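Thanks for coming. I have one structure to go through, and I will start with a question about it.

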Amino acid sequence: MKVLAYGTAGLLVLTVGTGGYLYYRYNGNIKSSALFAGESGDAGHEVPDAFGRTPINILVIGSDSRDNPEDCAIGGDCGPGANADVELLLHVSADRSNATVLSIPRDLMTDLPGCIDKENNTSSKKHRGQINATLQYGPGCTVAAVHQLTDIPIDHFVKVDFSGVIKMSDAVGGVPVCVSDNVYDPYSHLKLSKGEHTLKGMAALQFVRTRHGFGDGGDRGRSSAQHAFLGSMIRQLKSAGTLTDPGKVLGLADAATKALTVDPGLDGVTRLIGLANDLNKVPSDRITFTTMQTLPDPTDEDRVVIGPGADKLFASVKNDQPLSQGSAGDPAPAASTPAAPSQAPQSQAPQAPAGPDRSGISVLVRNGSGKDNRAGDVSEALRQAGFAKGTAVGKNTSAEKTVVHHPAGQEAAAKQVAAALGLPASAVQAGSGSTIELVIGADWPSGTTFPAASGGVPSAPQSIDPSAALKGADATTADSAGGCTPVSHQYTVKLPGYGGMTPVQAYDKAKNVPDSAP
């Protein structure tokens, strides 16, 4: 995604000087497919914060498709069909201060939705199965499955195949990686000596596809290697002068647009540029890579199921709670002014912002619902949510609808009040008083969260501590340059005539196999 971001951002500059030729050329490279292919429902909807900003959630799909000559030559086993070798859910926060890259193992067994692939006239029914198989019914089916699994809205998807990984790694001039030991995986054909290497072309593809060389031979070890690769690619783009070299930018933009299939919301250079600008705002040390928690499948040792804590991780992403800290160890700061709207779809109802300070906002709460103690309950809930201790109960009144009145210059603060309580944006209205006044109407007879049936949405649950959300999950950040990807010391591979062995032993035995990179 960073390759895409920087490539398309540079593309804007290049097209200005060429009369639009490159714009039309690259625009024509982009392929698109439906965002959602589930039998019912949709991919979810982002909820704006009090400033009208929305997060962005993009599902990045690595396809093992071998239905064209180029990918067939790379992967073998030519023929139709495809599975999702890689599923990365990229979340960019509403204030663009942080991001999370959440890996979903391809071996995960879970309940899958029914899908209708209109492009290929195929369909599937609801069933329990391996999540990577959903790509056989189009990327929109994989989107539907990930949304059902996580309950996280998905705004866009980006799909890349074997040849795309090769082209994009070449376009950035290679990606530096480090391995802890000699490693040879005869299945992906990755062979590297201990230490640092710069991977291009086929070697890059071998590294991100390797599952027997790292960890226990399952998908978690491969996800960790992919995170190391992506983090290195981000550092490479920021340090190698890629964005100031017209030749590199040109090659990067050409490779990115040729390599990708996207949803209609990203089908165009200008839309990709908008996304690129959003991605470029996130500092490297606030991009967290993690893999969802899993347990071995009790019915199949080669598969996994959802593990304890995954619900907290999913909820943290859904509720736009940062999982990373800055270089000084402080939580990611919230922007104090609204950011430019993203390309992601927006709904009309706000949710409680994670960052803005509420301690200076006092609210006068008046009960117009006709029910007892409503003002006291809601005012206490506001104080517990961080609003000023001066938040108090006013005189009872009578009102059909709940509103938040604000004096001049305090509309943003009133929006925070509405967002914290799950009130719709339309509930915020200008008032004549000197303080923010919440009038609870007959449309809100109970509880401290405005009912969704009345037009609002539940306020976000209490913030989940990052350590709790990441318990049992691997986690690192994009600026983590230290350390090498640990090579497996388990018997995860076999060589003809030798039987099971470690990837380290396989390296020593396969002296006739050339290394993937010097």
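Is Cys484 buried, partly exposed or exposed? Cys484 counts as partly exposed, because its relative accessibility is 36%. Here buried means under 20% relative accessible area, exposed means over 50%, and partly exposed is in between, with a 1.4 Å probe and protein chains only.

Before going further, the ground rules. This is a predicted model, where local features need pLDDT of at least 70, side-chain atom pairs count only at pLDDT 80 or more, and totals for chains, interfaces and linings use all residues. Residues are numbered from 1 along each chain as its sequence is written, and side-chain values use heavy atoms, with hydrogens and water left out.

Confidence next. pLDDT is the predictor's confidence in each residue, from 0 to 100. The protein chain averages 80, and 79% of the residues score at least 70. Residues 326-355 have a pLDDT below 50, and that stretch has 81 contacts in the model beyond near neighbours in sequence. Residues 453-461 are also below 50, with 24 such contacts. A contact means heavy atoms within 4.5 Å.

Now the overall fold. The protein chain has 14 helices and 25 strands. These are DSSP runs numbered from the N terminus: helices are H or I with at least four residues, strands are E with at least two. Of the 518 residues in the protein chain, 54% are buried. Among contacts with a separation of 6 or more, 73% are between residues 24 or more positions apart.

Cys484 is joined to Cys178, S to S 1.8 Å. The torsion about that S-S bond is about 50°, so the disulfide is right-handed. This pair links distant parts of the chain, 306 residues apart: Cys178 lies in strand 10 (residues 175-179), and Cys484 lies in the loop between strand 23 (475-477) and strand 24 (493-495). Cys178 has 13% relative accessibility and therefore counts as buried.

The other disulfide is formed by Cys115 and Cys141, with sulfur atoms 2.1 Å apart. That link is right-handed too, with 85° about the S-S bond. Cys115 is in strand 6 (residues 115-117) and Cys141 in helix 4 (residues 139-150), 26 residues apart. Both Cys115 and Cys141 are buried.

Which residues does Ser63 contact, leaving aside its neighbours within four places in sequence? They are Ala82, Asn83, Leu135, Lys159, Val160, Asp161 and Phe162. Ser63 belongs to strand 2 (residues 56-63) and counts as buried because its relative accessibility is 2%.

Last, the rings. There are three aromatic pairs. Rings of Phe, Tyr and Trp (its six-membered ring) pair if their centres lie within 6.5 Å; planes under 30 degrees apart count as stacked, over 60 as edge-to-face and the rest as tilted. Phe207, Phe214 and Phe229 are linked into a cluster by ring pairs. Two rings also have a charge over them: the charged end of Lys191 is 4.8 Å from the ring centre of Tyr507, and that of Arg374 is 5.4 Å from the ring centre of Trp444. The rule there is NZ of Lys or CZ of Arg within 6 Å of the ring centre and within 35 degrees of the ring normal.

Note on methods:
Disulfide = S-S within 2.5 Å.
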